[in-house]
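Please read the points below alongside the sequence and the coordinates.

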Amino acid sequence: MNTLLYESHDFIGVLTLNRPQALNAFNSEMVDELLALFPDLAKEKLRCLIITGSGEKAFMAGADIAEMNALPYEKAVHYYCDASNAAMEAVEQFPAPVIAAVNGYALGGGNELALSCDIRLASENAVFAQPEVSLGIMPGSGGIQRLMRAVGPGKAKELLYTTRRLKAEEALAIGLVNAVYPREELMPAAVAMAEKIAANAPVGVAATKRIANASIGMTLEESYRLELEAFGGCFKTNDQKMAMTAFVEKRKPEPFTGN
Ligand code: CAA
């Protein structure tokens, strides 16, 4: 891979967006690499994935404006809307929780990627914005929809129409991020959260994510039906029997196995 770095240990993966020369802006190559990588990652049985950006300044400065501007219409629309949407979807539907460790600029597609993650942690130098309409386009990778869900329609529309940049503290105040840390504490905090998630029952966590995502746009009644099936699935695991028996017998549970 040219545009991504990946490593994992103890069920936790760290994916680093790696085009520091362009502040990790995504281009067609990065979109192709993300789309190729996620099916492989899904087979790894990760319990949590962290996404961050390389370098000191940026998580991702959005789409690569130079490439987008130079591509013919069909390719521009493909890579910067259709395929990038599929990449965001792969992140959102990833079978384990995904934490965005936003270590600087998260602009345009960068904010859209962070919004596709389950949880957003930011460093104090993080900056968020959707600058698309200042470039003659509109957000094309699910950012309109996910921003509305994350911060509510009024605030989202203000940010989308004005392109105003938010500093980390304001992003925290409106619920766009879960927590803000000094820059050097961001990755340790993300790893600590990932370890806490990874210590829980993998089948239960994955089912919780699936139901949480699926329930957006469903009636409660519809989501109850899905929940019943997912809850039953947890009851068929050894982890459930082990953890509940340990509680009843007043002893510590064994580590979860995912079975
Ligand atoms: N595309 C291509 N190159 C980019 C880039 C981008 N989105 N963002 C930064 N770069 C490049 C710069 O051109 C520069 O390259 P050179 O050194 O070769 O000149 C390098 O990264 C460093 O950037 P700056 O010199 O501009 O750094 P700065 O600290 O002065 O400014 C910044 C940082 C405010 C993030 C500024 O770079 C910027 O405004 N970038 C564009 C952000 C943006 O508008 N993103 C949205 C794109 S549209 C989109 O994302 C929608 C979609 O999904 C389809």
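**Notes on the predicted model**

1. R19 and D64 are joined through their side chains by a salt bridge (2.9 Å, N to O), a term that stands for a side-chain nitrogen of Lys or Arg within 4 Å of a carboxyl oxygen of Asp or Glu. R19 sits in the loop between strand 2 and helix 1 and D64 in the loop between strand 4 and helix 2, so the pair ties together parts that are 45 residues apart in sequence. Helices (H or I, at least four residues) and strands (E, at least two) are DSSP runs numbered from the N terminus. Both R19 and D64 are buried; buried means under 20% relative accessible area, exposed over 50%, and partly exposed in between (1.4 Å probe, protein chains only).

2. The model is predicted: local features need pLDDT of at least 70, side-chain atom pairs count only at pLDDT 80 or more, and totals for chains, interfaces and linings use all residues. Residues are numbered from 1 along each chain as its sequence is written, and side-chain values use heavy atoms, with hydrogens and water left out.

3. The whole structure contains 10 salt bridges. One of them pairs the side chains of K209 and D118 (2.8 Å, N to O). K209 belongs to helix 9 and D118 to the loop between helix 4 (109–116) and strand 7, so that distant parts of the chain, 91 residues apart, are linked. K209 is buried, at a relative accessible area of 7%, whereas D118 is partly exposed, at 29%.

4. A salt bridge also connects the side chains of R164 and E158 (2.9 Å, N to O). Through shared partners, salt bridges join K155, E158, R164 and E170 into one network.

5. S28 is located in helix 1 (residues 28–43) and counts as buried because its relative accessibility is 15%. Its side chain makes a polar contact with the side chain of E67 (2.8 Å). Here a polar contact is a pair of N or O atoms within 3.5 Å; within protein, one must be able to donate a hydrogen and the other to accept it, and residues adjacent in sequence count only if both atoms are side-chain atoms.

6. G62 lies in the loop between strand 4 (58–60) and helix 2 (65–70). With a relative accessible area of 2%, G62 is buried. G62 and S28 are 34 residues apart in sequence and 12 Å apart in space, C-alpha to C-alpha.

7. In helix 8 (residues 183–198), the buried residues include L186, A189 and A190.

Note on methods
Expected span 1.5 Å × (residues − 1).
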